[in-house]
Structure formats: structure tokens, C-alpha cells
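Please look over the sequence and the three-dimensional structure shown here before reading on.

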Amino acid sequence: MKCNVKEKTVPFEFDGKTFRLKFNLNVIAEIQEKYEDLDSFFEKMAKVGDMLWLLCLLINQDVKKHNKNSTEKWGYYTAEQIGEAFGMSDIKTLSSLIADVIMNAMPSKDTEEDEKNATAE
């Protein structure tokens, strides 16, 4: 099995830091633990609380990675802290950000073609 591990992240400025948001298997596992499956989660994404929960999860994934690789430790965030930083006018921007993070996790057409070619060989 060919595994093309390539980090596809979306930069996000928050609290004076630049976070590299990534929709990876750890995020999917957290979603499944809370919502049972991805379909249930995506149905609920229209709710602001669920959107804040996911954004918090994405940010904290990067905090964890940063803390693992740096001597300067960052603190973890809560959905409430993130919600306090944004207003109603930011909902569309945050929704687009989350959509970008999810879309970046999807295999590109080139990746799909490479996998088909590798299987055919």
C-alpha cells in the first residue's frame, strides 16, 4: 500500500499565534468519539457550538504538535475562549476556514491517479 504522507495545513491567526490547522485521523477519531460518525457531525456543523468545538480541536492539535517540538510551551484552548474572541460577523469566515481545512485533507486528483497507477503496476 502506498502512503503519501504530506501535511496539508491551513494557517490561522489567533491569540497572537499562527496555527497550522489540519484535518487528520486524530481529529476524525475525536469526531467519531463525540458524534459516533462523520455524517452526524456534518449535519450538526450548522450549530455554532459544534463549529467552535471543531475549531478548538483543530487549534489544540497544533498546540500539541508545537509543544512536542518546542521548548516554548503554548497553552491549550477551550471552545469558550475561542467563542469569546469572535462575533456574529465572523461566523461565515470561520465556516469557510473549517471547510478549507477539511477540503485540504481530501486527496487531490493527482494523488488518486498516482495511487491507481501504483496499484496497476
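Phe41 counts as buried, with a relative accessibility of 0%, where buried stands for under 20% relative accessible area, exposed for over 50% and partly exposed for what lies in between, computed with a 1.4 Å probe on protein chains only. The model is a predicted one, in which local features need pLDDT of at least 70 and side-chain atom pairs count only at pLDDT 80 or more, while totals for chains, interfaces and linings use all residues. Residues are numbered from 1 along each chain as its sequence is written, and side-chain values use heavy atoms, with hydrogens and water left out.

The structure holds 11 aromatic pairs, a pair being two rings of Phe, Tyr or Trp (its six-membered ring) whose centres lie within 6.5 Å, called stacked if the planes are under 30 degrees apart, edge-to-face if over 60 and tilted for the rest. Phe14 and Phe19 form a tilted pair, with 6.4 Å from centre to centre and 45° between the planes. The rings of Tyr35 and Phe41 have centres 4.9 Å apart and planes at 65°, so this pair is edge-to-face.

| Residue | Relative accessible area | Class |
|---|---|---|
| Phe14 | 9% | buried |
| Phe19 | 0% | buried |
| Tyr35 | 7% | buried |
| Phe41 | 0% | buried |

Ring pairs also link Phe12, Phe14, Phe19, Trp74, Tyr77 and Phe86 into a cluster. When neighbours within four places in sequence are left aside, Phe19 is in contact (heavy atoms within 4.5 Å) with Val10, Pro11, Phe12, Phe14, Ile59, Asp62, Val63, Trp74 and Tyr77. Lys17 also lies in strand E2, and, not counting residues up to four places away in sequence, Lys17 touches Phe12, Trp74 and Tyr77. The side chains of Lys17 and Tyr77 are joined by a polar contact of 3.4 Å, a term for a pair of N or O atoms within 3.5 Å of which, within protein, one must be able to donate a hydrogen and the other to accept it, with residues adjacent in sequence counting only if both atoms are side-chain atoms.

The protein chain as a whole has 6 helices and 2 strands, these being DSSP runs (H or I of at least four residues for helices, E of at least two for strands) numbered from the N terminus. From the N terminus on, the elements run β-β-α-α-α-α-α-α. Of the 121 residues of the protein chain, 32% count as buried.

The largest nonpolar core has 29 residues, of which Leu21, Leu54, Leu55 and Ile59 touch the most other members; such a core is a set of buried Ala, Val, Leu, Ile, Met, Phe, Trp, Tyr and Cys residues joined through side-chain atoms within 4.5 Å. Two or more residues of this core come from each of strand E1 (10–14), strand E2 (17–21), helix H1 (25–35), helix H3 (48–69) and helix H5 (91–105). H3 gives the most, with 10 residues. Leu54, apart from its neighbours within four places in sequence, is in contact with Val27, Ile31, Phe41, Met45 and Ile98.

In H1, the buried residues include Val27, Ile31 and Tyr35. They cover an arc of only 45° around the axis, which puts them on the same side of H1, the arc being that of the directions from the helix axis to the C-beta atoms. An α-helix has 3.6 residues a turn, so residues three or four places apart point the same way. Leu25 and Glu33 are exposed on the face of H1 turned away from its buried side, whereas helix H2 (38–44) and H3 are among what covers the buried residues.

The buried residues of H5 are Leu94, Leu97, Ile98, Val101 and Ile102. Seen down the axis of H5, they fall within an arc of 130°, so they line one face of the helix. Lys92, Thr93 and Met103 are exposed on the other side of H5, while the cover over its buried residues includes E1, E2, H2 and H3.
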